[in-house]
Amino acid sequence: MNDLYEFGVAGLAVMGGNLARNLANHGFRVAVWNRGWEKTEALLARAPEAGFGAFRTPQEFVGALARPRKIILMVQAGAAVDACIAGFLPYLEPGDIIMDGGNSHYPDTVRRCRELSERGIRFLGVGISGGEEGALNGPSIMPGGDESAWPEVAPYLQTIAAQVDGVPCCDWIGPEGAGHYVKMVHNGIEYADMELIAEAYAFLRDGLKLDNREIGSIFERWNGGVLAGYLMEITAKIFRKADPEGEGLLLDRILDAPGQKGTGRWTGVAALETATPAPTIADAVFQRFLNADVELRRRGVDLLPGEGVALPRKEESAAAVADLESALYAAKICAYAQGFALLKAAEREFRWPLNYGSIALLWRGGCIIRARFLNDINAAYQRDPELENLLFDEFFRGELAANLPGFRRCTAAGALAGVAMPAIAGALAYFDSCRARRSAGNLIQAQRDFFGAHRFERVDRPRGETFHADWM
Ligand code: 6PG
């Protein structure tokens, strides 16, 4: 039995290959398999020291693993996951464990969990964040599914995960699709974080007319403060990268048409489906669509009016930059509040009990949204595990109060200057909506009752009692 491998990695593109190397670097005996042999060969050549057992067929691969088999699939989300599972299934035995480490859509994970449990196979949907570098040196790992499998895979996953203050950025998330759902929300927050930083860039470049060197040093400075995090850090680095093919910054040569693979969109859809207000996340997705439509924007430049009001001259821009930092920080708090509200919605919709504090902890390292600020979020959920909304936590209320004047001034300045900042402005509207004593919803109810007899509740009667008026 000793010559059997303890962990199998299936799918050896960069993420899978790096994850296999990460496992081997920690002393685990790893078997690898890929649908085509070239990728296997390339991995063996790249990491000869890893001592991988490499197998050409699913049968040989599965047969080389100690029981219960532990196989992580690192293949493209969608049909490839099902095809892989179908390929291994004839050789698996009850109790064996399959983990899907891709960016799978959580309803697929729920389905696979159920289908495989009928065959006695334990399935885990394992969200992994951190890109290629994280997979090799320590990603953030979000496992969910058949909980009986967790103690068996935890020693592997928690060892290869990023570690922050001695705590692995990997912990049990919850049943069925919970791990992939949490990864999806991570990506929704990632979209919002990226959009907020991009809007700050637009404001600095087009509103305040700062040059790249000045903008880069602002991002660098911000990365030393409350906005510190991986995305801010790489943004500062982007402002130092020269174009290898010519003069100036590479950034200035990149077409302003952002791509997306779909996880942010899923988060937006989940928000709509669970009736969870998450406008900053949704705005980030919409803005990628809008910016990607280069042709429409080109026509708009010629057709649409809209010269903005000039902002302070460059020499006097320090106050506006300080306001922008406030706006970015406050909007970021709003975006995370929306992300955590989406986690709460999953608890409600799917009855997945989630530990919000522990999720904040496992996002502190390894993943794309890793940031100092997640310690504060963890602390908020330690203070109150049932916190209704992150904005209501005492620490965040203080932070919002301190940054609100700048948040408002910056949003107004962006609007006046004609710089599109939908995520920042939408976050402010979210914040103000959360604190509205009397919203404008009464007018909506009146309109609905007027045209459709949809009935309304009255402020002076108990909730649930409804009325209809003769509006004519
Ligand atoms: C991560 C990333 C990773 C990937 C996404 C986002 O957590 O490591 O989120 O999952 O970069 O696919 O990509 P898009 O921007 O293309 O949607």
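Let's start at Trp363: leaving aside neighbours within four places in sequence, Trp363 is in contact with Ser140, Met142, Val182, Val185, His186, Ile189, Phe340, Leu343, Ile369, Arg370, Ala371 and Leu374. Contact here means heavy atoms within 4.5 Å.

A word on the ground rules. This is a predicted model with residues numbered from 1 along each chain as its sequence is written, and side-chain values use heavy atoms, with hydrogens and water left out. Local features need pLDDT of at least 70 and side-chain atom pairs count only at pLDDT 80 or more, while totals for chains, interfaces and linings in this predicted model use all residues.

Buried means under 20% relative accessible area, exposed means over 50%, and partly exposed lies in between (1.4 Å probe, protein chains only). Helices (H or I, at least four residues) and strands (E, at least two) are DSSP runs, numbered from the N terminus.

## Salt bridges

How many salt bridges does the structure hold? There are 25, counting a side-chain nitrogen of Lys or Arg within 4 Å of a carboxyl oxygen of Asp or Glu. Here are three of them.

| Side chains | N to O distance |
|---|---|
| Glu93 and Arg69 | 2.5 Å |
| Arg111 and Glu115 | 3.4 Å |
| Asp206 and Arg205 | 2.8 Å |

The salt bridge of Glu93 and Arg69 has an N to O distance of 2.5 Å. This pair links distant parts of the chain, 24 residues apart: Glu93 is in the loop between α4 (79–88) and β5 (97–100), and Arg69 is in the loop between α3 (58–63) and β4 (70–73). Glu93 is partly exposed because its relative accessible area is 30%, whereas Arg69, at 6%, is buried.

Arg111 and Glu115 sit four residues apart in helix α5 (residues 106–118), so about one helical turn separates them. Arg111 counts as partly exposed at 29% relative accessibility, and Glu115 counts as partly exposed at 42%.

Elsewhere, salt bridges that share partners join Asp82, Asp100, Asp108, Arg111, Arg112 and Glu115 into one network.

## Backbone details

The loop between α3 and β4 also holds Pro68. The peptide bond from Arg67 to Pro68 is cis, with omega near -10 degrees.

Glu176 has a positive phi of about 45 degrees and is found in the loop between β9 (167–168) and α8 (178–207). For Ala275, phi is near 50 degrees, and the residue belongs to the loop between α11 (263–273) and α12 (279–292). Is Ala275 buried or exposed? With a relative accessible area of 66%, Ala275 is exposed.

Asn378 is in helix α16 (residues 374–383) and counts as buried at 11% relative accessibility. Apart from neighbours within four places in sequence, Asn378 is in contact with Gly357, Ser358, Ala360 and Leu361.

At the surface, Phe450, Phe451, Trp471 and Met472 form a nonpolar patch with about 550 Å² of accessible area together. Patches are made of residues with over 30% relative accessible area and no salt bridge, with like charges joined within 9 Å and nonpolar side chains (Val, Leu, Ile, Met, Phe, Trp, Tyr) within 5 Å. Accessible areas come from the Shrake-Rupley method with a 1.4 Å probe, and for residues, only the protein chains shown count as cover. Met472 lies in the segment after α19 (441–452) and counts as exposed at 82% relative accessibility.
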